[in-house]
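Hi everyone, thanks for coming. Let's look at this one together, going from a helix pair out to the chains.

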Amino acid sequence: MSNFFQNSDIDVNKAEKIVSDTLNKCDDGELYLEDSKSESILLDDNKIKSSNYTTDLGYGFRAITGDVVAYSHSNEISNKSLKSSSENLKSSHKSNIGSYNTDIKKTNQKFYSDVDPIETKSLSSKIELLNKINEYARSKDSSVKQVTASFLGEKKDIEILRSGGELLKDTRPLVRINVSVMVEKKGRKETGVYGIGGRQSYDDYLVNDNWKKVCDEAFRIASTNLESKPSPAGEMQVVLGPGWPAILIHEAVGHGLEGDFNRKKTSAFHDLVGKKVASDGVTIIDDGTIENRRGSLNIDDEGTPTEKTVLIENGILKNFMQDRMNARLMNTKSTGNGRRESYKHIVMPRMRNTIMLGGNNTQEEMIKSVNKGIFAVSFGGGQVDITSGKFVFNCTEAYEIINGKIGSPIKGATLIGDGPSSLKEVLMVGNDMMMDPGIGTCGKAGQGVPVGVGQPSLLINKMTVGGTKI
Amino acid sequence: MIKNEDYLNKVAERCLSKAKKLGATDASAIVVNSVSENINIRNKKIDGSERSESLGINLTTYINKKKSSISSSNLNEKSIDSLVERCFEATKVTPEDELNSLPDKELHFQGQKKLNLFDETEINNEKKINFIREAEDEAFSNPQIVNTNGSAFGQVKSNFILSNSNGFSDGYKTSQFTAYCEVVSKNNGSMERDYEYTSKRFYNDLLSPKKIGNRAAELAVNKLNPRKIKSEKMNIVFDKRISKNFLSYFSNAIHSSAIAKGTTFLKDKIDKKIFNEKINITDKGNIEKANGSKYFDNEGVEVKELTLVKDGILKDYLIDTYNGKKINKKSNGRSGGSTNLYFENGDINYEDLIKSDEKMLYINETIGHGTNLITGDYSVGASGRMIEKGELLYPVSEITIAGNLNSIFQNIVLANDLELNYSTNSPTMLVTGMTVGGR
């Protein structure tokens, strides 16, 4: 655990005085302190291309009055700097309401250990393993022309100091191991990418030579794509595989259910609570409490303990995801979804691990029932327009389905749909619910935060596929 | 206030000398300071205000052909010393790479700095609020605008120093002013959003608030009650805010890092015709006051003007020191990518371009990241308007457009309405024979 005031001319008591003095006329706010370190070791083109280590220390001081947020941050933790932030915040607050500051529920919950993934594995052993990954992936086949592999590790200590002296702490480890393979045959090039990770040490993910499976999977996807044909274009039935394809859920409904867009009534979902937004049997939750998952948090970035929030239950819209400010303005409680990328960023309601729960169908029956459609197994990324509800995601591994049978692999295509209506098109929910391998980063308003997704196989009645073949 | 050169120099010098003392054979350091202020407005009220000061260092140490880097925001002397030590220790265990080196001394920037990249003007909060409030008011004067996603005004002032152990040490101040307005339109159960923004080094070069608000409103209203069209092959006209994306794909595909690894569809295409003969592309780093202008790249190498494509033929790559060595070319100062990149104007005006076919699709928004630079495959979600006989008609959405960049590049027709508003700029663009995925 970091001592934020150790090398500073100010101690926690003095800092608390400044916080209380600044926020006494405000509705909410806090001093958020963050000490992070991260590393990135990249093997590319047969060589260790870069080995970077980054440390960042700073604070973000926030004052909220009504629906107005004032924020000041700096990487200098000192009396002078905090005072100047305080002046800044005070000057932008003319209101005198000052009341809220609801107590935060105490918690001892811990969904990950406070291991330091960077220090628990030596740099030379990481470099050695990257070289082994490179050799192994290249030895798989003569078609492998390029291998990129990386270790990304991070440890973040945060403290939240509230007016009145309440101090909340968390230590968050995070790692990700990534392999990308490029293959070439008869002048045609394709890539496959796979990764694993979460809130544990590297070695927890490397047991049983797990890195070989990561290489195997990247190679398999790349080789499959070498055989791919142009994708069909137009509306058709789509079967989604389990796990990572749940970024469909994240884009199609997740973002639209974040509290800020709904308070501002700019989300296509803002007036749909209690209404049917998905087929029977569709239940979607956002869960910050799954052990060691990438999107899990003990407390969110405002100090609220995370929880398992039911968003859609059996097709009916139940709840939005809230941070403290949006919850207060909508007369409800924070669901522990208040997150920020770092002390340099303001808090927003953000997803954690967004999951569609399993149903009763098998993937086999789904495929059998499709006359003409596609089977999408893996995706690159996605994006959504909150207001119109239109969302897309990009297939990185997909096949055509003809007369109930899986056919040739097809080239990466974008799928587009409409959030509020797409989940009403769900025809079957699989019994094979699976989490993603731990690689997701969600972007919103320029801030990236680690998230998880999960879902069973799904059959969707119609989506538009962005291929080139008509 | 941003820190002056003397302070930044002192920090950089401390890192370099400490690294040398430890036994590093070479080192380079970048010290960056920036102060940014941002105001958000929503429904005429302040929604948020933000002020940030950041100071950071990035250090690379070399032990002969071994190399490693660190970066940090913690610049007290004790912390710097321990970071330099950590960097040096990491360098020791990093394997050698023959190509690792500082850039050639003779390529270092040595000229005069006359591009005028820093505006002293300080826009106080009141002025920021007035500016963006005027934009939002203008947008709301359109009766179909019912809500806002927020509008913002930001000001960033930065200063930096880049120093290396080959004697390079230089830096300069830059400024950036940005205004943004995003509004929501509503009609008959249809809700849409759109935006306009302006971002310039000089305050006086910004678009007027009225223009921003007006344009955002017009775009959002034009999208209301869209139709979905059926799948077919079509000619597509790309609005300037989308056509410039094709230049970004192009510049990423010809960066030496991609060329050296072979992970680009434009490998081995130098002196080959990758566009039709009417297409010319320039990357010009020395335009006064321009967003993409710079004197030297991340390595201190002078940025020269490049003709990348002449009469459709690929003439040059964007090259940095490391990857340049791998492909036997000298750095041309593009370690950080392109500078002010643009398609030269075409020879047809906008009106004639949209009349060039009976029925076309006008695309002014795409969604998703469906561009594969290894294969050139392109597939994105899109929205826009149907064009018939040169008239922009009803809005179209929830469709995809797809093709391959190899053939898209051959089938581009450019209008003559280029404006240098961003660091990447294109005239309105027509691409023939793309696939639209719809009903």
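In a right-handed crossing, H3(B) passes H4(B); right-handed says that the near helix is turned clockwise from the far one by less than a right angle. Helices here are DSSP runs of H or I with at least four residues, strands are E runs of at least two, and both are numbered from the N terminus. This is a predicted model, where local features need pLDDT of at least 70, side-chain atom pairs count only at pLDDT 80 or more, and totals for chains, interfaces and linings use all residues. Residues are numbered from 1 along each chain as its sequence is written, with chains lettered from A and ligands numbered from 1 in the order in which they are written.

How do H3 (residues 125-140) and H4 (residues 209-222) of chain B pack? Their angle is about 40°, and their axes are 7 Å apart. Axes are lines fitted to C-alpha atoms over the stretch in contact, and angles run from 0 to 180 degrees between N-to-C directions. Contact is when C-beta atoms, placed from the backbone, lie within 7 Å. Among the H3(B) residues that meet H4(B) are B:Phe131 and B:Ile132, while B:Pro209 and B:Lys210 are among those on the H4(B) side.

Now, the two chains. Here 58 residues of chain B are in contact with 64 residues of chain A. Strand E2 (residues 45-63) of chain B gives the most to its side, with 10 residues. E2(B) also pairs with strand E3 (residues 68-74) of chain A, parallel, over six bridges; pairing needs at least two DSSP bridges. There, A:Ala70 stands opposite B:Ser49.

Terms used
Two residues are in contact if their C-beta atoms, placed from the backbone, lie within 7 Å.
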